[in-house]
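Thanks for asking me to look this one over. Here are my notes, with the structure first.

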Amino acid sequence: METRRHDDEEPPNPVVVVTGCSTGGIGHALARAFAERKCRVVATSRSLRSMAELEHDHRFFLQELDVQSDESVRRAVDAVVDKFGGIDVLVNNAGVQCVGPLAEVPLSAMQQTFDTNVFGTVRMVQAVVPHMATRKRGKIVNVGSVAALASGPWSGTYTASKASIHALTDTLRLELAHFGIDVVSVVPGAIKSNIGDSAIASYNRMPEWKLFKPFEAAIRDRAYFSQKSKTTPTDEFAKHTVAAILKEKPPAWFTYGHYSTAMAIMYHLPLSVRDFILKKAMKG
Ligand SMILES: NC(=O)c1ccc[n+]([C@@H]2O[C@H](COP(=O)([O-])OP(=O)(O)OC[C@H]3O[C@@H](n4cnc5c(N)ncnc54)[C@H](OP(=O)(O)O)[C@@H]3O)[C@@H](O)[C@H]2O)c1
(Lines give C-alpha, C1' and ligand atoms only; values in the text may rest on other atoms or scores of the structure.)
Protein backbone atom coordinates (compact mmCIF):
# COMPACT_ATOMS: atom_id res chain seq x y z
CA MET A 1 0.00 0.00 0.00
CA GLU A 2 1.33 3.45 -0.87
CA THR A 3 2.09 5.67 2.16
CA ARG A 4 1.69 9.40 1.74
CA ARG A 5 3.75 11.91 3.63
CA HIS A 6 2.02 14.98 5.04
CA ASP A 7 3.54 18.45 4.78
CA ASP A 8 3.96 18.81 8.56
CA GLU A 9 6.10 15.67 8.88
CA GLU A 10 9.91 15.68 8.89
CA PRO A 11 11.17 14.65 5.44
CA PRO A 12 12.77 11.17 5.52
CA ASN A 13 16.13 12.15 4.00
CA PRO A 14 16.47 15.88 4.56
CA VAL A 15 18.40 17.94 2.06
CA VAL A 16 21.14 19.73 4.00
CA VAL A 17 23.30 22.53 2.59
CA VAL A 18 26.54 23.26 4.46
CA THR A 19 28.84 26.18 3.61
CA GLY A 20 32.63 26.09 4.05
CA CYS A 21 33.26 22.33 3.76
CA SER A 22 37.03 22.32 3.08
CA THR A 23 38.84 19.22 4.36
CA GLY A 24 40.01 19.51 7.97
CA GLY A 25 37.38 22.04 9.04
CA ILE A 26 34.11 21.93 10.97
CA GLY A 27 31.95 22.18 7.80
CA HIS A 28 33.60 19.10 6.32
CA ALA A 29 33.00 17.10 9.51
CA LEU A 30 29.38 18.34 9.71
CA ALA A 31 28.80 17.29 6.09
CA ARG A 32 30.07 13.78 6.86
CA ALA A 33 28.06 13.55 10.09
CA PHE A 34 24.85 14.56 8.24
CA ALA A 35 25.59 11.88 5.60
CA GLU A 36 26.00 9.30 8.39
CA ARG A 37 22.48 10.26 9.49
CA LYS A 38 21.17 9.52 5.96
CA CYS A 39 20.75 13.13 4.90
CA ARG A 40 21.21 14.20 1.30
CA VAL A 41 24.17 16.51 1.76
CA VAL A 42 25.10 19.46 -0.40
CA ALA A 43 28.69 20.16 0.59
CA THR A 44 29.88 23.54 -0.63
CA SER A 45 33.11 25.49 -0.53
CA ARG A 46 34.92 28.16 -2.50
CA SER A 47 36.71 25.51 -4.57
CA LEU A 48 35.82 21.89 -5.34
CA ARG A 49 39.51 20.99 -4.88
CA SER A 50 39.22 21.66 -1.14
CA MET A 51 36.54 18.94 -0.89
CA ALA A 52 38.25 16.45 -3.26
CA GLU A 53 37.89 13.50 -0.89
CA LEU A 54 34.07 13.75 -1.01
CA GLU A 55 34.04 13.78 -4.82
CA HIS A 56 33.37 10.08 -5.50
CA ASP A 57 31.03 9.53 -2.58
CA HIS A 58 27.45 9.41 -3.92
CA ARG A 59 26.06 10.74 -0.61
CA PHE A 60 27.35 14.22 -1.44
CA PHE A 61 26.31 16.76 -4.06
CA LEU A 62 29.25 19.15 -4.33
CA GLN A 63 28.87 22.81 -5.26
CA GLU A 64 31.29 25.69 -5.48
CA LEU A 65 29.91 28.52 -3.36
CA ASP A 66 31.56 31.76 -2.23
CA VAL A 67 29.33 33.36 0.40
CA GLN A 68 30.73 36.81 -0.48
CA SER A 69 29.22 36.64 -3.97
CA ASP A 70 25.50 37.20 -4.72
CA GLU A 71 25.94 35.45 -8.07
CA SER A 72 27.70 32.40 -6.60
CA VAL A 73 25.05 32.03 -3.86
CA ARG A 74 22.19 32.32 -6.38
CA ARG A 75 23.78 29.79 -8.75
CA ALA A 76 24.40 27.22 -6.01
CA VAL A 77 20.95 27.58 -4.43
CA ASP A 78 19.27 27.28 -7.86
CA ALA A 79 21.30 24.13 -8.59
CA VAL A 80 20.22 22.53 -5.30
CA VAL A 81 16.54 23.44 -5.74
CA ASP A 82 16.63 22.13 -9.35
CA LYS A 83 18.11 18.83 -8.21
CA PHE A 84 16.20 18.17 -4.98
CA GLY A 85 13.12 20.42 -5.21
CA GLY A 86 13.95 22.25 -1.97
CA ILE A 87 16.27 22.69 1.01
CA ASP A 88 15.40 21.34 4.46
CA VAL A 89 18.43 22.47 6.45
CA LEU A 90 20.90 25.29 5.80
CA VAL A 91 24.08 25.40 7.88
CA ASN A 92 25.90 28.73 7.66
CA ASN A 93 29.31 27.50 8.72
CA ALA A 94 31.71 29.37 6.40
CA GLY A 95 33.77 31.79 8.44
CA VAL A 96 37.13 33.43 8.89
CA GLN A 97 39.11 34.51 11.94
CA CYS A 98 40.75 37.97 11.92
CA VAL A 99 43.45 38.96 14.40
CA GLY A 100 44.94 42.39 14.92
CA PRO A 101 44.51 45.32 17.35
CA LEU A 102 41.34 47.28 16.59
CA ALA A 103 43.13 50.63 16.65
CA GLU A 104 45.31 49.59 13.69
CA VAL A 105 43.74 46.65 11.88
CA PRO A 106 43.04 47.64 8.22
CA LEU A 107 39.37 48.43 7.68
CA SER A 108 39.55 46.30 4.51
CA ALA A 109 40.37 43.24 6.70
CA MET A 110 37.41 44.02 8.96
CA GLN A 111 35.14 44.43 5.93
CA GLN A 112 36.30 41.09 4.45
CA THR A 113 35.61 39.36 7.77
CA PHE A 114 32.13 40.84 8.07
CA ASP A 115 31.38 40.13 4.43
CA THR A 116 32.05 36.42 5.01
CA ASN A 117 30.86 35.86 8.57
CA VAL A 118 27.90 38.25 8.75
CA PHE A 119 26.75 39.34 5.28
CA GLY A 120 27.64 35.89 3.87
CA THR A 121 25.23 34.35 6.36
CA VAL A 122 22.49 36.87 5.54
CA ARG A 123 23.13 36.38 1.80
CA MET A 124 22.50 32.65 2.23
CA VAL A 125 19.45 33.21 4.44
CA GLN A 126 17.86 35.59 1.92
CA ALA A 127 18.47 33.14 -0.93
CA VAL A 128 17.12 30.08 0.89
CA VAL A 129 14.22 31.41 2.98
CA PRO A 130 11.79 31.90 0.03
CA HIS A 131 12.13 28.18 -0.81
CA MET A 132 11.62 27.10 2.80
CA ALA A 133 8.71 29.52 3.33
CA THR A 134 6.85 28.12 0.30
CA ARG A 135 6.96 24.66 1.87
CA LYS A 136 6.35 26.06 5.37
CA ARG A 137 9.26 24.15 6.89
CA GLY A 138 13.02 24.25 7.24
CA LYS A 139 15.90 24.78 9.61
CA ILE A 140 18.54 27.47 9.50
CA VAL A 141 21.67 26.96 11.57
CA ASN A 142 24.13 29.81 12.07
CA VAL A 143 27.57 29.05 13.46
CA GLY A 144 28.62 31.61 16.07
CA SER A 145 31.44 31.29 18.58
CA VAL A 146 32.06 31.17 22.32
CA ALA A 147 34.63 33.91 21.66
CA ALA A 148 31.72 36.36 21.37
CA LEU A 149 30.63 35.61 24.96
CA ALA A 150 33.65 37.43 26.38
CA SER A 151 35.48 39.65 23.92
CA GLY A 152 39.20 39.79 24.61
CA PRO A 153 42.20 41.51 23.04
CA TRP A 154 43.50 40.90 19.47
CA SER A 155 40.39 39.33 17.98
CA GLY A 156 37.88 42.18 18.24
CA THR A 157 36.91 41.98 14.57
CA TYR A 158 36.14 38.29 14.75
CA THR A 159 34.26 38.42 18.05
CA ALA A 160 32.22 41.41 16.85
CA SER A 161 31.25 39.48 13.70
CA LYS A 162 30.23 36.46 15.79
CA ALA A 163 28.31 38.62 18.28
CA SER A 164 26.43 39.96 15.23
CA ILE A 165 25.65 36.41 14.19
CA HIS A 166 24.21 35.64 17.62
CA ALA A 167 22.04 38.76 17.50
CA LEU A 168 20.89 38.15 13.90
CA THR A 169 20.07 34.56 14.75
CA ASP A 170 17.86 35.58 17.67
CA THR A 171 15.91 37.96 15.43
CA LEU A 172 15.63 35.44 12.61
CA ARG A 173 14.25 32.81 14.99
CA LEU A 174 11.30 35.06 15.83
CA GLU A 175 10.73 36.38 12.32
CA LEU A 176 10.98 33.02 10.56
CA ALA A 177 8.83 31.11 13.06
CA HIS A 178 5.85 32.58 11.16
CA PHE A 179 6.88 30.45 8.18
CA GLY A 180 7.56 27.18 10.03
CA ILE A 181 11.35 27.70 9.91
CA ASP A 182 13.43 26.83 12.99
CA VAL A 183 16.55 28.91 13.57
CA VAL A 184 19.44 27.61 15.66
CA SER A 185 22.64 29.17 17.03
CA VAL A 186 25.46 26.63 17.04
CA VAL A 187 28.21 27.95 19.26
CA PRO A 188 31.46 25.99 19.06
CA GLY A 189 34.12 26.02 21.76
CA ALA A 190 37.71 25.26 20.70
CA ILE A 191 37.43 22.75 17.85
CA LYS A 192 40.29 21.29 15.77
CA SER A 193 40.27 22.85 12.29
CA ASN A 194 42.27 24.98 9.83
CA ILE A 195 41.08 28.24 11.40
CA GLY A 196 44.47 29.17 12.92
CA ASP A 197 46.41 28.56 9.69
CA SER A 198 43.89 30.61 7.66
CA ALA A 199 44.02 33.43 10.21
CA ILE A 200 47.81 33.58 10.09
CA ALA A 201 47.78 33.57 6.27
CA SER A 202 45.55 36.71 6.35
CA TYR A 203 47.57 38.22 9.20
CA ASN A 204 50.79 37.91 7.21
CA ARG A 205 49.28 40.22 4.56
CA MET A 206 48.64 43.02 7.09
CA PRO A 207 50.98 46.00 7.50
CA GLU A 208 53.42 46.23 10.44
CA TRP A 209 51.88 47.54 13.65
CA LYS A 210 52.94 50.95 14.92
CA LEU A 211 51.83 51.24 18.57
CA PHE A 212 51.26 47.52 18.92
CA LYS A 213 54.59 46.17 17.61
CA PRO A 214 55.61 44.97 21.12
CA PHE A 215 52.50 42.73 21.18
CA GLU A 216 53.30 40.96 17.91
CA ALA A 217 53.91 37.53 19.52
CA ALA A 218 50.71 37.70 21.60
CA ILE A 219 48.68 38.72 18.55
CA ARG A 220 50.05 35.84 16.46
CA ASP A 221 49.39 33.49 19.36
CA ARG A 222 45.72 34.57 19.43
CA ALA A 223 45.26 33.17 15.93
CA TYR A 224 45.99 29.67 17.28
CA PHE A 225 44.26 30.02 20.68
CA SER A 226 41.54 27.51 19.77
CA GLN A 227 44.04 25.07 18.23
CA LYS A 228 46.29 24.30 21.18
CA SER A 229 46.36 21.09 23.21
CA LYS A 230 42.86 21.54 24.66
CA THR A 231 40.93 21.24 21.44
CA THR A 232 37.83 19.13 20.81
CA PRO A 233 38.14 16.69 17.86
CA THR A 234 36.19 17.92 14.82
CA ASP A 235 34.26 14.66 14.32
CA GLU A 236 33.14 14.57 17.96
CA PHE A 237 31.84 18.14 17.69
CA ALA A 238 30.08 17.37 14.40
CA LYS A 239 28.36 14.22 15.67
CA HIS A 240 26.83 15.98 18.69
CA THR A 241 25.89 19.06 16.69
CA VAL A 242 24.16 17.12 13.95
CA ALA A 243 22.20 15.10 16.53
CA ALA A 244 20.94 18.39 18.03
CA ILE A 245 20.06 19.94 14.66
CA LEU A 246 18.14 16.87 13.45
CA LYS A 247 15.88 16.76 16.51
CA GLU A 248 12.26 17.38 15.57
CA LYS A 249 12.39 20.46 17.80
CA PRO A 250 16.01 21.64 17.67
CA PRO A 251 17.35 23.81 20.51
CA ALA A 252 17.60 27.57 19.94
CA TRP A 253 21.20 27.52 21.24
CA PHE A 254 23.60 24.59 21.04
CA THR A 255 27.13 24.88 22.37
CA TYR A 256 29.77 22.15 22.51
CA GLY A 257 33.52 21.83 22.80
CA HIS A 258 36.40 22.86 24.97
CA TYR A 259 35.93 26.22 26.74
CA SER A 260 32.17 26.26 26.08
CA THR A 261 31.30 25.98 29.78
CA ALA A 262 34.14 28.29 30.86
CA MET A 263 33.04 30.96 28.37
CA ALA A 264 29.39 30.68 29.44
CA ILE A 265 30.56 31.42 32.99
CA MET A 266 32.81 34.26 31.75
CA TYR A 267 29.77 35.86 30.11
CA HIS A 268 28.15 36.30 33.54
CA LEU A 269 31.23 37.53 35.42
CA PRO A 270 31.64 41.18 36.41
CA LEU A 271 33.64 42.98 33.71
CA SER A 272 36.54 43.70 36.07
CA VAL A 273 37.01 39.97 36.73
CA ARG A 274 36.53 39.06 33.09
CA ASP A 275 39.08 41.68 31.97
CA PHE A 276 41.60 40.36 34.50
CA ILE A 277 41.26 36.78 33.20
CA LEU A 278 41.36 37.74 29.50
CA LYS A 279 44.36 40.03 30.01
CA LYS A 280 46.28 37.14 31.54
CA ALA A 281 45.14 34.54 28.99
CA MET A 282 45.79 36.69 25.89
CA LYS A 283 48.77 38.66 27.19
CA GLY A 284 46.82 41.78 26.38
N1 LIG B 1 37.55 25.95 15.16
C2 LIG B 1 37.08 26.60 16.23
O3 LIG B 1 37.62 26.45 17.34
C4 LIG B 1 35.87 27.48 16.10
C5 LIG B 1 35.34 28.04 17.27
C6 LIG B 1 34.22 28.85 17.19
C7 LIG B 1 33.62 29.06 15.96
N8 LIG B 1 34.15 28.52 14.83
C9 LIG B 1 33.46 28.79 13.56
O10 LIG B 1 33.26 27.57 12.87
C11 LIG B 1 33.14 27.83 11.47
C12 LIG B 1 34.06 26.89 10.71
O13 LIG B 1 35.41 27.25 11.00
P14 LIG B 1 36.59 26.19 11.13
O15 LIG B 1 37.09 26.27 12.50
O16 LIG B 1 36.19 24.88 10.58
O17 LIG B 1 37.69 26.90 10.22
P18 LIG B 1 38.30 26.46 8.82
O19 LIG B 1 38.85 25.08 8.94
O20 LIG B 1 39.23 27.57 8.43
O21 LIG B 1 37.04 26.42 7.86
C22 LIG B 1 36.41 27.59 7.41
C23 LIG B 1 35.66 27.29 6.15
O24 LIG B 1 35.02 28.49 5.69
C25 LIG B 1 35.35 28.65 4.31
N26 LIG B 1 35.24 30.01 3.82
C27 LIG B 1 36.00 31.09 4.13
N28 LIG B 1 35.59 32.15 3.39
C29 LIG B 1 34.59 31.71 2.60
C30 LIG B 1 33.75 32.31 1.62
N31 LIG B 1 33.89 33.60 1.28
N32 LIG B 1 32.80 31.54 1.03
C33 LIG B 1 32.65 30.25 1.36
N34 LIG B 1 33.41 29.62 2.24
C35 LIG B 1 34.37 30.34 2.87
C36 LIG B 1 36.76 28.11 4.20
O37 LIG B 1 37.09 27.89 2.84
P38 LIG B 1 38.60 27.91 2.29
O39 LIG B 1 39.16 26.57 2.63
O40 LIG B 1 38.43 28.16 0.84
O41 LIG B 1 39.29 29.04 3.00
C42 LIG B 1 36.60 26.84 5.02
O43 LIG B 1 35.96 25.85 4.26
C44 LIG B 1 33.50 29.31 11.30
O45 LIG B 1 32.32 30.07 11.20
C46 LIG B 1 34.24 29.64 12.59
O47 LIG B 1 34.18 31.00 12.90
C48 LIG B 1 35.26 27.75 14.88
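The points below go through the model region by region.

1. A word on ground rules. This is a predicted model, in which local features need pLDDT of at least 70, side-chain atom pairs count only at pLDDT 80 or more, and totals for chains, interfaces and linings use all residues. Residues are numbered from 1 along each chain as its sequence is written.

2. An unreviewed UniProt entry carries the annotation "domain: Ketoreductase" over residues 14-194; UniProt positions are given in the numbering used here, feature names are shortened, and annotations may be inferred rather than shown by experiment. Over residues 14-194 the chain is 42% helix and 18% strand, with end C-alpha atoms 28 Å apart. Helices (H or I, at least four residues) and strands (E, at least two) are DSSP runs, numbered from the N terminus.

3. The ligand shell. Of the 31 residues around the ligand, Gly-20, Ser-22, Gly-25, Gly-95 and Ser-193 come nearest (near means a C-beta atom, placed from the backbone, within 6 Å of the molecule or strand). At least two residues of this shell come from each of α1 (26-36), α3 and α5 (195-203). By type, the shell divides into eleven nonpolar, 18 polar and two charged residues. Here Ala, Val, Leu, Ile, Met, Phe, Trp, Tyr, Cys and Pro count as nonpolar, Asp, Glu, Lys and Arg as charged, and the others, Gly among them, as polar.

4. Ala-94. This residue sits in the loop between β4 (89-92) and α3 (107-135). Ala-94 counts as buried because it has 26 C-beta neighbours inside 10 Å (buried: 20 or more other C-beta atoms within 10 Å of its own; exposed: 12 or fewer; partly exposed: in between; C-beta atoms are placed from the backbone). Leaving aside neighbours within four places in sequence, Ala-94 is in contact with Thr-19, Gly-20, Gly-27, Val-67, Thr-116 and Gly-120, contact meaning C-beta atoms, placed from the backbone, within 7 Å.

5. Two positive phi values. Lys-136, in the loop between α3 and β5 (138-143), has a phi near 55° and is exposed, with 12 other C-beta atoms within 10 Å. Trp-154, in the loop between β5 and α4 (156-176), has a phi of about 80° but is buried, with 25 other C-beta atoms within 10 Å.

6. Helix α9. Where does α9 lie, in the open or buried? Of its twelve residues, the number buried is zero, so α9 lies largely in the open. Just after α9, Lys-283 takes a positive phi of about 50°.

Definitions and conventions. Contact = placed C-beta atoms within 7 Å.
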